[in-house]
Amino acid sequence: GASTAGGRGALICFEGLDRSGKSTQAKRLFESLKKQGKVELWRFPDRQTPTGTLIKQYLENAENLDDRAVHLLYSANRWEKMQDMVKKMEAGTTILMDRYAYSGAAYTAAKNIPGASLAWCQASDAGLPAPDLTIFLKLSATAAASRKGYGEERYENTKFQEQVYQQYATLAQQDPSCWTTLPAEEDMTLLSDKIRELVDTTLDDVRQAALSARLP
Ligand code: NYM
Ligand code: MG
């Protein structure tokens, strides 16, 4: 069950290309879990914070920023919320993340900036709490491009998303234990059921486990 009485909350992340259904599934999971326990739904980038305001302008093409600078802003945007995140999980709240550090690494690495390897992209998030479960909603870049609302923001083009997909594949191989890949094209409610099952197992597992794992 989702009750976290006596234990810590879990960190559950949704990852995937733009339009893969992360926000929809995270919201559906949130609605189903909140009837049973303490749970919050977060998203990154958090566009409300000081760094988030700049990131928002960048994504809407209202501002141009150096690629490395914006990478570090995304990372800072997570660090800004780190203490709050840990405090809440220690108090038994499960946090659902609509994107997390893997987005940071995958999207910047996809830019192929000379000297900015995948390892460089991961370095600024090292030390953040590691997710207990990462759900990767797998969708091809071409399928994503045909979904509603696509193409409005920076990065929303098929060629770039194909690069992002490759980077996600590498990240998934690095940490197979906490990654689960699910087909994003599946029926929405069937997908929600599968996710809920995975999450229930994770919630049972973390009840005993200390909140000590950090991103490498
Ligand atoms: N994005 C998101 C990054 O490039 N780096 C990051 O660290 C994060 C968290 O922001 N196209 C990109 C991926 C998305 C864009 O996110 C906005 P969303 O979930 O589409 O609002
Ligand atoms: Mg988007």
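This is a predicted model: local features need pLDDT of at least 70, side-chain atom pairs count only at pLDDT 80 or more; totals for chains, interfaces and linings use all residues.
Residues are numbered from 1 along each chain as its sequence is written, with chains lettered from A and ligands numbered from 1 in the order in which they are written. Local features need pLDDT of at least 70 and side-chain atom pairs count only at pLDDT 80 or more, while totals for chains, interfaces and linings use all residues.

**View 1. Phe44 and its contacts.** Phe44 sits in the loop between strand E2 (39-43) and helix H2 (50-59) (helices are DSSP runs of H or I, at least four residues, and strands runs of E, at least two, numbered from the N terminus). Phe44 counts as buried because it has 20 C-beta neighbours inside 10 Å (the cut-off is 20 or more, with C-beta atoms placed from the backbone). Beyond four places in sequence, its contacts (C-beta atoms within 7 Å) include Asn77, Met97 and Tyr100. The C-alpha atoms of Phe44 and Asn77 are 7.7 Å apart, across 33 residues of chain.

**View 2. H5 packing on H8.** Helix H5 (residues 101-109) meets helix H8 (residues 158-174) at about 130°, axes 8 Å apart (axes are lines fitted to C-alpha atoms over the stretch in contact, and angles run from 0 to 180 degrees between N-to-C directions). On the H5 side, look for Tyr102, Ala105, Ala106, Tyr107 and Ala109; on H8, Val164, Gln167, Tyr168 and Leu171.

**View 3. Inside the largest nonpolar core.** This core has 42 residues, and Ile12, Leu96, Met97 and Ala106 have the most contacts inside it (a core is a set of buried Ala, Val, Leu, Ile, Met, Phe, Trp, Tyr and Cys residues joined through C-beta atoms within 7 Å). H5 supplies the largest share, 6 residues.

Key. A residue is buried if 20 or more other C-beta atoms lie within 10 Å of its own, exposed if 12 or fewer, and partly exposed in between; C-beta atoms are placed from the backbone. Two residues are in contact if their C-beta atoms, placed from the backbone, lie within 7 Å.
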